Amino acid sequence: MRRCLALAATAGLMACSQPETQAPADAEPPVIPAAEPAADTDTAPAEAAGLPGTDIHIFALDWVNGQPVVGAPMGGVIRPGYDNQPAFTPDGSGLLYTAGDDSGETDIWRLDLATGATVPVTRTADESEYSPRVPPGEAALAYIYQPPGGYAGNAYLADADNSDRRPAEQLAPVGYYLFSGDMRHVVTFALGETTNTLQLIDRTADPEAPQFVADNPGRAMARNLVGDGAWVTLTRPDGGTAVHRLDFATGTLRDGFALPSDSMDFARITSPISGMFAFDGFFSAAGGTLYYGTVSADFAAASLSPAWTEIADLTALGLAEVNRIAVSPGADRIAFVAAD
């Protein structure tokens with residue numbers, strides 16, 4: 001069992017090389033924590049294996065007049081090597097994440113937010129699991145499975161201890177995924193030989209027939225409040241990233257809004273107004289700044305264009321190169337992935 005460090009100031013697709021397949025912009029080789037990385041070396045084993053050194057930092061998230069305020073540091077996963085892709089569990093008690101060491105593979109780990117203890121969820125020699133999530137139903141765990149020697153794989157479902165693992169869909173290789181609220185559909189970031197695509201799969205169809213949605217998807221995805229639609233990202237012609245609305249039932253994609261500056265990632269919450277859920281709030285980081293903006297939670301709204309507000313100077317919090325962000329279900333904690 002590993003133990004996270006409580007800091008005084010805190011908050012990828014992994015893949016083996018396969019040149020003929022275009023990987024996402026953040027593609028990295030995968031990793032399995034078969035042994036604890038040595039902390040007393042100049043270069044962490046995971047970095048030596050090709051993974052970037054990243055940590056997960058957690059802070060309290062406070063709210064003042066409907067605006068978020070980043071509060072006190074609340075620990076995280078801080079060690080030499082690769083720790084990334086955080087996802088809070090729905091009950092708010094834990095954080096799932098992808099961890100790596102010098103074996104060249106990845107496993108899923110779980111951080112207990114009350115004690116700071118970390119335990120492995122998957123321990124699969126010669127295989128990799130990443131992009132962990134707790135799906136809305138049918139299973140306790142979801143992730144991308146990479147077979148031995150393979151490049152990416154497909155979305156898998158499993159019990160909480162990784163028993164009874166099975167493919168949730170057959171399309172491969174895919175790097176990122178998101179299930180609909182009823183688990184009937186899954187939208188995937190599908191890796192192509194020349195172009196990556198967003199594909200929508202009806203899991204009740206036999207045989208499986210992926211539906212093309214768009215070219216050049218991004219890695220960030222989130223369900224809407226009722227789970228019948230998703231917020232997905234696409235790369236804009238100017239190189240930026242835009243969030244769009246996807247209808248799971250029809251595969252229809254509607255324009256949304258641009259993320260700040262060069263950001264590729266967002267974290268979504270549904271925020272209450274006068275005790276009723278009225279709008280979706282989005283966090284995004286760019287240029288060392290944390291931004292927050294809101295849009296109507298009504299997926300039928302004709303226009304969406306949040307007014308981004310600067311919430312925090314991430315460099316002042318001791319964070320560098322922040323990319324992925326995760327927010328707890330109660331919107332009282334926020335996790336950042338930053339460089340070691």
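Reader: Which residue in β6 is the bridge partner of G94?

Author: This is a predicted model, in which local features need a pLDDT of at least 70 and side-chain atom pairs count only at pLDDT 80 or more, whereas totals for chains, interfaces and linings use all residues. Residues are numbered from 1 along each chain as its sequence is written, and side-chain values use heavy atoms, with hydrogens and water left out. Strands are DSSP runs of E with at least two residues, numbered from the N terminus, and two of them pair if DSSP finds at least two bridges between them; β5 and β6 (residues 106-112) pair in the antiparallel sense over seven bridges. In β6, the partner of G94 is D112.

Reader: In the hairpin of β5 and β6, which residue takes a positive phi near 85°?

Author: The hairpin of β5 and β6 has five residues between its strands. The residue with a positive phi near 85° in this hairpin is G104.

Reader: On the β4 side, which residue of β5 is the bridge partner of F88?

Author: β4 and β5 form a hairpin with five residues between them, and G92 in the turn has a positive phi of about 75°. The two strands pair in the antiparallel sense over four bridges, and in β5 the partner of F88 is L95.

Reader: Are the residues of β5 that point either way from the strand buried or exposed?

Author: In a regular strand the side chains alternate between the two faces of the sheet. From β5, G94, L96, T98 and G100 point one way, while L95, Y97 and A99 point the other way. "Buried" is used for under 20% relative accessible area and "exposed" for over 50%, with partly exposed in between, using a 1.4 Å probe and protein chains only. Seven of the seven residues of β5 (residues 94-100) are buried, so this strand is largely enclosed by the rest of the structure; the residues pointing either way are all buried.

Reader: What residue in β9 is the bridge partner of Y130?

Author: β8 is joined to β9 (residues 141-146) by four bridges, and these strands run antiparallel. Within β9, the partner of Y130 is I144.

Reader: What is the relative accessible area of S131?

Author: S131 lies in strand β8 and has a positive phi of about 55° although it is not a glycine. S131 is buried, and its relative accessible area is 6%.

Reader: For the sheet β12-β13-β14-β15, what does the twist average from one strand to the next?

Author: This open sheet of four strands also has its order given with antiparallel pairing, and the edge strands β12 and β15 each pair on one side only. Angles run from 0 to 180 degrees between the N-to-C directions of axes, which are lines fitted to C-alpha atoms. From one strand to the next, the twist averages 25°.

Reader: Which residue in β14 does A190 stand opposite?

Author: β13 (residues 185-190) and β14 pair in the antiparallel sense over six bridges. A190 stands opposite T197.

Reader: What is omega for the cis peptide bond that joins D206 and P207?

Author: P207 is found in the loop between β14 (197-202) and β15 (211-215). The cis peptide bond joining D206 and P207 has an omega of about 5°.

Reader: Which strand gives the most to the lining of the largest pocket?

Author: On a 1 Å grid over the protein atoms alone, a pocket is an open set of points where a 1.4 Å probe fits, with protein on both sides within 12 Å along at least five of seven lines, and lining residues have an atom within 4 Å of a point. The largest pocket is lined by 44 residues, of which M221, A222, R223, R268 and V327 lie nearest its centre. Several strands each supply at least two residues of this lining, including β16 (217-223) and β24 (325-327). The strand that gives the most, with six residues, is β20.
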